[in-house]
Amino acid sequence: MLDAITTERVDAYIVHLRGASKNTDSTINRKLAALTKIMSYARRRNKMRMQPHIEHQKENAGTNGRMCFLTQTEEEQVIENLNKRGKDCHADAVGVLVDTGLRPSELWRLTKREVDLERGALTIWKSKSDKPRMVPMTERVKKILGARVESSTHGPLFPNSTNHWFINEWNKVKTDMGRDEDTEFIPYALRHTCASRLIQRGVRIEVVKEWLGHADISMTLRYARLNLANLMDAVKVLER
C-alpha cells in the first residue's frame, strides 16, 4: 500500500492542503515531514520499495516577511479579555507561552514532573528537533505553574493535549480585537513574542537558539533583524 504513494500523489496532496484545507506553507511542511519520516521508516524495514521525492514549500515569515508578535499592550488586552470571560486557564496559558516561548503543543504535554520550581526551569523532553532542552521560568511562570503543580495529581497541567480548546477562545479574542483578517495573529505568535523580546533586549542569538530549541540557527536568525540596538550601534560608524 505504501508503494502507492508517488511523487504525483504527494503533489496532489500539497495542492489539496493549500487549496481546500487552506494550510500555510509551514503547516504543509510539518505534514510532509511526518510523511517523510513514515516512508523512511518503511524503507529501512523493506516495507516500501521506492521513496518518492517530496518538494517542501518555501516558507515566509508572514506576508511580505512580516512576523507577528504581540506588544505589551496587546498581550495585556488578550489576557484581560480571557479573564473577563472566565477563561482563567487560557489566560494562564498565554502568560506561560509568552514568557517561555514554548510551542503550544509542548505546553499542552507539560506535566508536574517537568517543572522544577527550585531550579526555576522546565524540562522539555519531546520537541520538534527531537532534542530535550531546559527553559528558565520567570516569576510569572513560576506562580502559574506552581499553583497547577500543587493541585495536579497526574497528567498534563493544562486540560487538553490538543490545540482546539485554546484556539476556539483565541479566535473569540481575535474577533474582539478586530484582528479577524490578520492571518498571522495566531497562538504561535506568542512564541514569536518571546523570541523577539529576548532579541530586542540584547540576548545573544546563540542563547535564543537554545532557549527555543531550534535545530538550526537559521531559524533563530529570522528574529535578529528585530534588534534595533544593534542597528543603532552600527549607525555610529557613519557619524562624523
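Reply: Let's start with Asn-81, which sits in helix H3. Keep in mind that this is a predicted model. Asn-81 has a relative accessible area of 14%, and since anything under 20% counts as buried, Asn-81 is buried. Leaving out residues up to four places away in sequence, Asn-81 touches Val-173 and Asp-176.

The buried residues of H7 are Trp-165, Phe-166, Glu-169, Trp-170, Val-173 and Lys-174. Looking down the axis of H7, you'd find these buried residues within an arc of 160 degrees, so they line one face of the helix. Note that Val-173, one of the contacts of Asn-81, is among the buried residues of H7. The cover over those buried residues includes H3, H4, H5 and H8. Just past the end of H7, Gly-178 takes a positive phi of about 70 degrees.

Now for H4, one of the elements in that cover. Ala-93 has its place in this helix, and at 0% relative accessibility it counts as buried. Setting aside neighbours within four places in sequence, Ala-93 is in contact with Leu-107, Trp-108, Phe-158 and Phe-166. Phe-166 brings us back to the buried residues of H7. As for Leu-107, it comes 14 residues away from Ala-93 along the chain, and the two C-alpha atoms are separated by 8.0 Å.

Phe-158 is worth a stop of its own. Again not counting residues up to four places away, Phe-158 touches Cys-89, Asp-92, Ala-93, Val-96, Leu-107, Trp-108, Leu-145, Arg-148 and Trp-165. So which residues have the most contacts inside the largest nonpolar core? They are Leu-107, Leu-145, Phe-158 and Phe-166, in a core of 45 residues. H4 is the biggest contributor, giving seven residues. There is also a second, separate core of 10 residues, with Val-10, Ile-28, Leu-35 and Ala-42 among its members.

E1 (residues 115-116) meets E2 over two bridges, with Asp-116 and Ala-121 as bridge partners. E1 and E2 make a hairpin with four residues between them, and Gly-120 in that turn has a positive phi of about 70 degrees. On the other pairing, E2 and E3 are joined antiparallel over four bridges. Here Ala-121 stands opposite Pro-136, while Ile-124 stands opposite Arg-133.

Side chains in a regular strand alternate between the two faces of the sheet. In E2 (residues 121-124) both faces are covered: Ala-121 and Thr-123 are buried on one side, and Leu-122 and Ile-124 are buried on the other. E3 (residues 133-136) has one covered face, made by Arg-133 and Val-135, and an uncovered one, made by Met-134 and Pro-136.

Stepping back to the whole chain, there are 11 helices and three strands. In sequence order the pattern runs α-α-α-α-α-β-β-β-α-α-α-α-α-α. Of the 240 residues, 40% are buried. Among contacts with a separation of 6 or more, 58% link residues 24 or more positions apart. The accessible surface is about 14700 Å², and carbon and sulfur atoms account for 54% of it.

Note on methods. Residues are numbered from 1 along each chain as its sequence is written. This is a predicted model: local features need pLDDT of at least 70, side-chain atom pairs count only at pLDDT 80 or more; totals for chains, interfaces and linings use all residues. Side-chain values use heavy atoms; hydrogens and water are left out. Buried means under 20% relative accessible area, exposed over 50%, partly exposed in between (1.4 Å probe, protein chains only). Two strands pair if DSSP finds at least two bridges between them. A nonpolar core is a set of buried Ala, Val, Leu, Ile, Met, Phe, Trp, Tyr and Cys residues joined through side-chain atoms within 4.5 Å. Contact means heavy atoms within 4.5 Å. The arc is that of the directions from the helix axis to the C-beta atoms. Accessible areas come from the Shrake-Rupley method with a 1.4 Å probe; for residues, only the protein chains shown count as cover.
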